[in-house]
Amino acid sequence: MLCQNCGSSEATTHIKRIVNGEATEIHLCYNCAEHLGYANMFSGFGFNISNMLLNFFPEFTRALPTADNSERCPTCGTSFEEVVRSGMMGCADCYAAFYDKLRPSLSRIHGRATHVGKSGKNQITSTESPRLEDTLSKLKEELKSAVDTQNFELAAKLRDEINAIEGGAE
Amino acid sequence: MSKWYQLQGAENDVAISTKVAMARNVKGYNFTVKLTADEKYEIADKIDEILDKKLNGKFATTPMNEVGRDLQISLAERGLVSPEFISYAEGRTMIMTEDESLSIMVCEEDHLKIQAFLPGLELEKTFELADTLDNVLDEDLEFSFDKKLGYLTQCPTNIGTAMRASVTLQLPALSMRGQIPRLSGTVSKLGLVLTGAYGEADNPVGSLFQLSNQVTLGISEQAAIENLKSISLSIIEQERELRKELMNNLKFQDILWRSYGTLKNARVISFGEFMEAMAVVKIGVAAGEINIPNDKLNELIFTMQPATLNVEHGKSLDRQLRDSKRAEAIREVFA
């Protein structure tokens with residue numbers, strides 16, 4: 001087998017990785033393996049070979065010839081085609097700009113999961129308005145407990161607040 | 001000052017080290033791939049300023065293009081930077097504490113990779129170190145974050161917690177018994193990956209493996225850490241059982257004492273030969289037949305690597321001289 005990187009020497013280093021349940025294999029010759037850092041014993045997590053990442057975006061590579069190449073992220077100007085070719089986003093706003101197109105691949109990599117870990121102080125979202133949603137669900141919980149404890153005065157007040165927010169959001 | 005890997009860690013007969021890394025990107029900047037070198041240094045300056053203000057004197061900031069090649073490679077040998085990070089130094093900065101247990105790689109794949117290291121199996125403590133530094137920086141920096149997708153990273157495979165925790169395990173007995181492929185298969189079903197730290201995935205030099213979490217979205221940091229810890233402990237137990245069994249085997253005993261003889265007596269030794277013999281000797285140490293502390297052996301994994309030896313001696317040694325210096329240092333531990 002020939003090296004996937006240079007295509008000229010015999011591949012002697014075979015690397016198999018499983019990333020979020022997806023097995024990927026790469027075959028490199030000694031020189032390329034060393035050059036790309038695989039000969040190092042404490043190699044990090046960075047696994048940044050663009051053609052490998054294309055494996056994560058099979059639906060895009062097939063769709064490429066017909067993809068609308070003029071579509072670009074308004075913040076950094078990266079086109080969707082660039083994202084697919086490099087496997088890298090240009091900036092944080094690319095996630096919002098290309099969210100719908102990314103969704104199939106994101107669920108291939110990560111399943112249907114949404115974030116449940118730490119968030120620090122910055123809960124600003126680019127795909128929806130979290131603060132409003134947070135406030136709403138909090139108010140609804142309070143409303144439920146107010147009803148449960150038969151505190152109807154508070155419940156009425158909370159209901160009005162919820163209506164105001166929901167009405168404003170429509 | 002001692003480096004983190006010169007200290008004693010828990011379960012260090014099998015567990016060499018624990019690492020927790022978190023990727024973060026600063027809001028208002030494009031991702032690293034779209035940044036100029038000046039913008040990259042601007043980000044490093046911001047971090048430097050915050051750390052200076054809040055944790056004055058704890059961290060040293062080093063632009064990678066101001067560091068000699070041997071030191072660059074030595075940092076990679078010891079897992080502090082990725083090989084990719086030193087392949088191109090311009091725009092890249094390393095910020096780390098003197099004992100190197102806590103560091104930030106600036107503008108590798110993401111703007112920040114916050115990293116914590118401790119010897120042995122110390123997942124909670126290592127996580128706490130990285131988490132604390134992340135919180136300190138979070139007070140003054142705004143990180144790119146999305147409620148559904150979590151921390152946003154340059155590569156979509158890392159979004160969510162953007163955290164990778166890993167434990168380096170030395171598994172000579174499981175390797176000799178051909179158990180690694182079975183283990184790899186099992187852990188991958190549990191959201192983890194077991195991979196050779198160096199060389200072939202199933203048969204790495206010195207039987208050194210890295211077990212790390214792969215899932216970053218839909219699992220909290222604590223759950224990922226807990227999961228990794230319980231599976232690490234289970235692998236450690238399996239390794240210990242097999243080590244005991246091997247000690248009853250005459251053929252293995254022969255390999256063990258020959259390996260011991262090599263380390264005790266060699267005058268010239270390569271890093272690879274050292275690692276192979278040392279992995280075997282660990283089994284004799286576990287059985288109490290060889291009396292050398294595990295932490296001393298583990299430390300050698302870091303200090304005996306080629307560029308790290310060069311840095312230690314202050315110059316690039318030619319191969320033979322380096323192999324003899326290595327043999328000398330090992331003989332001291334085995335004396």
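User: Why is the crossing of H2(B) and H11(B) called left-handed?
Analyst: The crossing of H2(B) and H11(B) is left-handed, a label used if the near helix is turned anticlockwise from the far one by less than a right angle (right-handed if clockwise). On the H2(B) side the contact is made by Asp70(B), Leu71(B), Ile73(B), Ser74(B) and Glu77(B). On the H11(B) side it is made by Ala307(B), Thr308(B), Asn310(B) and Val311(B). Contact means C-beta atoms, placed from the backbone, within 7 Å.

User: What kind of model is this, and how is it numbered?
Analyst: This is a predicted model: local features need pLDDT of at least 70, side-chain atom pairs count only at pLDDT 80 or more, and totals for chains, interfaces and linings use all residues. Residues are numbered from 1 along each chain as its sequence is written, while chains are lettered from A and ligands numbered from 1 in the order in which they are written.

User: What makes H2(B) and H11(B) oblique to each other?
Analyst: Helix H2 (residues 69-77) and helix H11 (residues 306-313) of chain B pack at about 130°, with their axes 7 Å apart. Axes are fitted to C-alpha atoms, for helices over the stretch in contact, and angles run from 0 to 180 degrees between N-to-C directions. Under 35 degrees is roughly parallel, over 145 roughly antiparallel, 65 to 115 roughly perpendicular, and the rest oblique. H2(B) and H11(B) are therefore oblique.

User: How do you know that H8(B) and H9(B) are oblique?
Analyst: The axes of H8 (residues 250-265) and H9 (residues 271-286) of chain B come within 8 Å and cross at roughly 120°. H8(B) and H9(B) are therefore oblique to each other. Their crossing is left-handed. Residues making the contact include Leu256(B) and Tyr260(B) of H8(B) and Met278(B) and Val281(B) of H9(B).

User: What makes strands E2 and E9 of chain B edge strands?
Analyst: Eight strands of chain B form an open sheet in the order E2-E3-E4-E5-E1-E8-E10-E9, with antiparallel pairing. Strand E2 (59-63) and strand E9 (192-196) of chain B each have a single partner strand, so one side of each is left without a neighbour in the sheet. The twist averages 20° from one strand to the next. Helix H4 (residues 123-140) of chain B packs on the sheet, touching E1, E4, E5 and E8. The direction of H4(B) makes about 150° with that of E5(B). Helices (H or I, at least four residues) and strands (E, at least two) are DSSP runs, numbered from the N terminus.

User: How do you know that E8(B) and E10(B) pair?
Analyst: Pairing requires at least two DSSP bridges. E8 (residues 163-170) and E10 (residues 208-213) of chain B have 5 bridges, in the antiparallel sense. Thr168(B) stands opposite Gln210(B) in E10(B). E9(B) and E10(B) also pair over 5 bridges, antiparallel. There, Val193(B) has Ser212(B) as its bridge partner.

User: Why is E9(B) described as largely enclosed?
Analyst: Of its 5 residues, 4 are buried, so E9(B) is largely enclosed by the rest of the structure. Buried means 20 or more other C-beta atoms within 10 Å, exposed 12 or fewer, partly exposed in between.

User: Is Ser207(B) buried or exposed?
Analyst: Ser207(B) has 24 other C-beta atoms within 10 Å, so it is buried. Ser207(B) lies in the loop between E9 and E10 of chain B. Its phi is near 50°, a positive value in a residue other than glycine.

User: Why does Gln150(A) count as exposed?
Analyst: Gln150(A) has 8 C-beta neighbours inside 10 Å, so it counts as exposed. Gln150(A) sits in the loop between helix H7 (130-148) and helix H8 (152-169) of chain A. Its phi is positive too, at about 60°, although Gln150(A) is not a glycine.

User: What makes Asp13(B) partly exposed?
Analyst: Asp13(B) has 17 other C-beta atoms within 10 Å, so it is partly exposed. Asp13(B) is found in the segment before E1 of chain B. Leaving out residues up to four places away in sequence, Asp13(B) touches Lys282(B), Ala286(B) and Asn294(B).

User: How does the span of H7(B) compare with the expected one?
Analyst: H7 (residues 221-246) of chain B has 26 residues and reaches 37 Å from first C-alpha to last, close to the 38 Å expected. The expected span is 1.5 Å times one less than the number of residues. Buried residues of H7(B) include Ala224(B), Leu228(B) and Ile235(B).

Conventions
Contact = placed C-beta atoms within 7 Å.
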